[in-house]
Amino acid sequence: MSLFRPRDVIDHVAQITPHFLAARGLNGLLLDLDNTLVPYGSYAEEGEMVRWAGELRSAGVGLYLLSNATGKRASFWISRLGFAGVGMAGKPNPRAFRKALDVLALPPHAVGMVGDQVFTDVLGGNLAGMHTILVRPLAVNALPHTRAARRLERLVLRRYGHDWEPGRRR
């Protein structure tokens with residue numbers, strides 16, 4: 001398997017249900033923040049995500065926020081989402097993923113890494129031996145390095161049969 005190939009490609013994190021996880025043998029999720037759970041840079045209340053996370057936690061799913069956002073931004077969302085996590089994680093460095101797995105007390109094969117970027121979320125999750133789930137970004141990010149990465153991601157994903165255009169939902 002290619003380190004850049006996600007195991008699943010979905011339109012939105014809300015498609016991840018207890019049934020979805022059980023069918024894949026997953027008991028926990030590491031979750032990216034920006035453009036996965038909330039739009040990049042947003043501090044607007046996201047009641048849908050809070051409810052979704054609460055439903056998964058009620059079903060016994062372990063959740064952990066693993067974000068490259070600033071520690072301050074990650075802390076803001078961690079307090080609202082109701083589960084542990086960290087900012088400035090240094091994805092795709094596998095060390096960050098191993099630390100998160102230790103907190104969840106789950107083996108890599110039982111945890112999914114959910115994010116919107118191939119070169120951080122998918123690569124890091126695959127390096128750590130996790131089940132990777134790529135979601136369509138919630139918003140188009142204007143940062144130059146992210147725009148460049150998105151162009152490369154589209155080429156990689158097309159190789160695996162995915163027609164990927166950020167911001168366009170199927």
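In which sense do strand 2 and strand 5 pair, and over how many bridges? The two strands pair in the parallel sense, over four bridges. Two strands count as paired if DSSP finds at least two bridges between them. Within this pairing, L31 stands opposite V114 in strand 5.

The model is predicted: local features need pLDDT of at least 70, side-chain atom pairs count only at pLDDT 80 or more, and totals for chains, interfaces and linings use all residues. Residues are numbered from 1 along each chain as its sequence is written, and side-chain values use heavy atoms, with hydrogens and water left out.

The protein chain has six helices and six strands. Helices (H or I, at least four residues) and strands (E, at least two) are DSSP runs, numbered from the N terminus. Of the 170 residues, 49% are buried. Buried means under 20% relative accessible area, exposed means over 50%, and partly exposed lies in between (1.4 Å probe, protein chains only). The accessible surface comes to about 7900 Å², and 55% of this surface belongs to carbon and sulfur atoms. Such areas come from the Shrake-Rupley method with a 1.4 Å probe; for residues, only the protein chains shown count as cover. Among contacts between residues at least 6 apart in sequence, 68% join residues at least 24 apart. A contact means heavy atoms within 4.5 Å.

The six strands form an open sheet with parallel pairing, in the order 1-6-5-2-3-4. Strand 1 (8-10) and strand 4 (85-86) are the edge strands, and each pairs on one side only. Strands of a sheet pair through backbone hydrogen bonds, either parallel or antiparallel. Strand 1 runs parallel to strand 6 (residues 131-135), and three bridges join the two. Here I10 stands opposite V135 in strand 6. Strand 5 and strand 6 also pair in the parallel sense, over four bridges. In that pair, G115 stands opposite L134 in strand 6.

Strand 5 is mostly covered, with five of its five residues buried. V111, M113 and G115 point one way from the strand, while G112 and V114 point the other way. Helix 5 (residues 118-127) lies across strand 5 (111-115) and strand 6. The helix runs at about 165° to strand 6. Axes are lines fitted to C-alpha atoms, for helices over the stretch in contact, and angles run from 0 to 180 degrees between N-to-C directions.

Helix 2 has twelve residues, which should span 16 Å at 1.5 Å a residue. Its end C-alpha atoms are 16 Å apart, which agrees. The expected span is 1.5 Å times one less than the number of residues. M49, W52, A53, G54 and L56 are buried in this helix. Their cover includes helix 1 (18-23), strand 2, strand 3 (62-66) and helix 3 (71-81). After helix 2 comes G60, whose phi is positive, near 90°.

The loop between strand 2 (28-31) and helix 2 (47-58) holds T36. T36 is buried, with a relative accessible area of 1%. Leaving aside neighbours within four places in sequence, T36 is in contact with V13, V114, G115, D116, V135 and L138. The side chains of T36 and D32 are joined by a polar contact of 2.8 Å. A polar contact is a pair of N or O atoms within 3.5 Å; within protein, one must be able to donate a hydrogen and the other to accept it, and residues adjacent in sequence count only if both atoms are side-chain atoms. N35 lies in the loop between strand 2 and helix 2. N35 is buried, at 2% relative accessible area.

Most residues other than glycine have a negative phi, and most peptide bonds are trans. N35 is not a glycine, yet its phi is positive, about 70°. M88 is likewise a residue other than glycine with a positive phi, near 50°. M88 lies in the loop between strand 4 and helix 4, and counts as exposed at 59% relative accessibility. P92 lies in the loop between strand 4 and helix 4. A cis peptide bond joins K91 and P92, with omega about 15°.

G87 lies in the loop between strand 4 and helix 4 (94-104). G87 is buried, with a relative accessible area of 13%. Beyond neighbours within four places in sequence, G87 is in contact with S67, A69, T70, G71 and A74. G87 and R73 are 14 residues apart in sequence and 7.4 Å apart in space, C-alpha to C-alpha.
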